[in-house]
Amino acid sequence: MMLRPTHNGERYELTSPTAMPKADGFLWNQKMMIQVTCRGYATAQFMQPEPAKYAHAPNLEAKTFMQPEQSYYSHHPGRFVYIKDVETGNLFSAPYEPVRAPVNRFNFSVGKSDIVWTVEHLDIRVEMTLSLPTHDVAELWSIKVTNLSKRSRKICVYPYFPMGNMSWMNQSAEWDEDLCGIVASSVTPYQKAEDYFKNKYLKDKTYFLCETEPSSWETMQQEFEGEGGLQAPSSVMADSLGDGDARYETPTAAVQYKVALKSGEEREYRFLFGPAYDEEEILGMRERYLSKEGFAKSARDYAAYIEKGRGCLKVDTPDKDVDNFVNNWLPRQVYYHGDVNRLTTDPQTRNYLQDNMGMTFIKPEVARKAFLLALSQQESSGAMPDGILLAEGAELKYINQIPHTDHCVWLPVTLDAYLAETADYDLLDEEVETADGKISTVFEGFCRAMDYLLSLRDERGLSYIAQGDWCDPMNMVGYKGKGVSGWLTVATGYALNLWASVCEHQGRTKSAAKYRAGALETKVSANKHLWDGDWFGRGITDNNVTFGIKRDKEGRIWLNPQTYSILSGAANKEQTTKIITEVEKQLNTPYGVVMFAPPFSKMREDVGRVTQKYAGSAENGSVYNHAAIFYVYSLYSIGESDLAYFHLRQMLPGPSEKDYLQRGQLPTYIPNYYRGAYHEYPRTAGRSSRLFNTGTIPWVYRCFIEGLCGLRGDADGLTIKPQLPSAWEGIKVTRLFRGATFEVDIQRSNVKEVKVKYEGRFLPEARFTDVSSGKTYRLSVFVPQSNQISCVIRSARSNSASNGASNGASNGVAHGRAPSNGTNGTSNGSSNGTRRASNGTVRR
């Protein structure tokens, strides 16, 4: 089997370095992050306090971090080990690069707190393990070599960690005998005098420390490679490395161990790799970590740190791959986002609020602090800034210097999840000192934000877009000051309704009425100016051109306005049926629902740079999972459980081998997008961006908790309204809620509505109140049999059939079938790339 879960789903193992060559895993702590591929390429970043690198490309590069669909090349930064048989001169490398020799055995094992490679070739086993410390910036590497043959062997082991071009101003490297390692030094380039003082204490050194002193070393990249290049470096093919230094030359870290191994004998080496300010700091890191005991303690501490993000939900469903993801990997990705805020000092406000919405389910106290910090930076107008500053001296950078108009929307949207989970209405009375020096309560800050949204409308009652809303690159719809956003109009209505409900709970009836009225106005305006007969338009440009409508050849239908028209109530029941029918007909693909279709093939100057991105990539018509999960959430909000689960399941790679190969990613995280343009470019459709920074994740967790399992809190307790796919007879759930543990057995039964039994008695309603922290509650939940297909699904099926989709997704969705191992299958080019197997499961 090419890919499999192990250790009860806590690890995933890939057994080929070529089938999914960019498959990867990532580790982080609050100061750093590393993403590393199965073949050994790595991208790492640390905070000082702005993001920085300690391993660079071999040439000068722009200051970037993670790129969508990151390309790798022979000299890309990575972590490698060469193995040479001294007697024959045969050479291979682990994990796979740079030699690329076919190996006898390969295993890439991604765990929650470490990443392990096992490679066997030439009767030598190489085991590489990467872990991180909990509080420091460093990579902890252990490399173990074992003689698998029945005779004694002489081999050379060469750990090779390239450092790349560190600085055009000043760079060097040398062996430091006192530290037992290679230390490279540089000076971060600058021009302005004041930048000298900003840069003065940067960690401009990169070190590679050895626990065991090597036989030889090399610190200059060109000398290491020689004429042989990376596949057969001249210095590796020689008897010893050159023990050279690098003087304003590209540095590297390569060391050699000459090893004699008896049959079955093994040798283990440990290394530290990371940045530092000076040698004193490097020495401190060596003393703290670089020993067998130091590595073991660090591994325990780091595993305990990651375990703090274990989440509040465990499920046992008919779909075991989903169980693995929900129980192990989904909360980990949620935790990453809320724990480190994507390793930036100025996260976009919408990202900051949504990432911390996820922490509501893991560490609600962190989410609480996030609301207070965000509101402390609110402007006097009620507007929220484009980014939230997290560190002293931080500034709004890059995209946060472009005016976007949606940030206020996310306050009540994310607060809704927080209050449901915690019932912490006291938060609303907390006082916050705002950006203009005034003190107000959280409640007052939210009211100002809602008032700002109401003011941010034109004479038609439509919301201005400026240079972007949720869709950042839609930057030219309203840059002249007149363009409006159809999505933001209905999203404003959703936010106003949510906030009105909070006002009602707090007894603020006048405020509630005001915001209900405002929401109604957005509904009326959207229907008058943006309804196009079967869906809502995306917006109206500065030149008064409505787009995202039927007459458009490209960008005809956009997902977000449809989703939020459902959530806000702007779409009535008849409109909702039409909307879902068209979404399934025009936007569904075997890899999920695309953000819009058809994608743009050239620049449209009244829409913006979104149209310049390659068709099917990023925001230009990809399966942009953040937009797709909004759609799933809206489907759960109206009880469309089969369709909701179907699209929720599409976000996770697999379970068929064909699907894994097409997406090219392990099922250990959900990326920000999969390639779209399924009809235009089917060869690349479904390919993962491999970017795990995404606002998708807290919503996915929320959909599993509140949607599928139906276990959502309210002011008094826990409501229980499961929405199982119709093919499922039951699931078991463990839900942590307000300090208590709920063990819930959900089964179908001959009931007309959800019934809950506790301690032998049926509760009067599907809600559990009087929750006591520390207690365990065992509930039996009975849900109705699923005998009917909703009118929405029936309509979607009909339209799918009428458009030539044979055995398409709608057939499987109608019956709520969970995907199982099988093959992709579509007929007549249908975008609904699923088919039902004989056992009734949907195969993708």
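Trainee: What should I know before we start?

Mentor: Residues are numbered from 1 along each chain as its sequence is written. In this predicted model, local features need pLDDT of at least 70 and side-chain atom pairs count only at pLDDT 80 or more, while totals for chains, interfaces and linings use all residues, and side-chain values use heavy atoms, with hydrogens and water left out.

Trainee: What is the mean pLDDT of the protein chain?

Mentor: The mean is 93, and 93% of the residues reach 70 or more; pLDDT is the predictor's confidence in each residue, from 0 to 100. Over residues 799-844, though, the pLDDT is below 50.

Trainee: Why are H9 and H11 called oblique, rather than parallel or perpendicular?

Mentor: The axes of helix H9 (residues 410-422) and helix H11 (residues 486-505) cross at roughly 40 degrees and come within 8 Å. Axes are lines fitted to C-alpha atoms, for helices over the stretch in contact, and angles run from 0 to 180 degrees between N-to-C directions. Angles under 35 degrees count as roughly parallel, over 145 as roughly antiparallel, 65 to 115 as roughly perpendicular and the rest as oblique. H9 and H11 are therefore oblique to each other.

Trainee: Which residues of H9 meet H11?

Mentor: Among them are Trp410 and Leu419 in H9, and the H11 side includes Trp487 and Val502; contact means heavy atoms within 4.5 Å.

Trainee: How do you know whether Cys180 is buried or exposed?

Mentor: Buried means under 20% relative accessible area, exposed over 50%, and partly exposed in between (1.4 Å probe, protein chains only). Cys180 has 9%, so Cys180 is buried. Asn544, at 53%, therefore counts as exposed, and Tyr196, at 36%, is partly exposed.

Trainee: What makes the phi of Cys180 and of Asn544 worth a look?

Mentor: Most residues other than glycine have a negative phi. Cys180, not a glycine, has a positive phi of about 55 degrees, and phi of Asn544 is near 65 degrees.

Trainee: What kind of peptide bond joins Ala94 and Pro95?

Mentor: That bond is cis, with omega about 0 degrees. A cis bond also joins Gly654 and Pro655, where omega is about 10 degrees. Most peptide bonds are trans.

Note on methods:
Helices (H or I, at least four residues) and strands (E, at least two) are DSSP runs, numbered from the N terminus.
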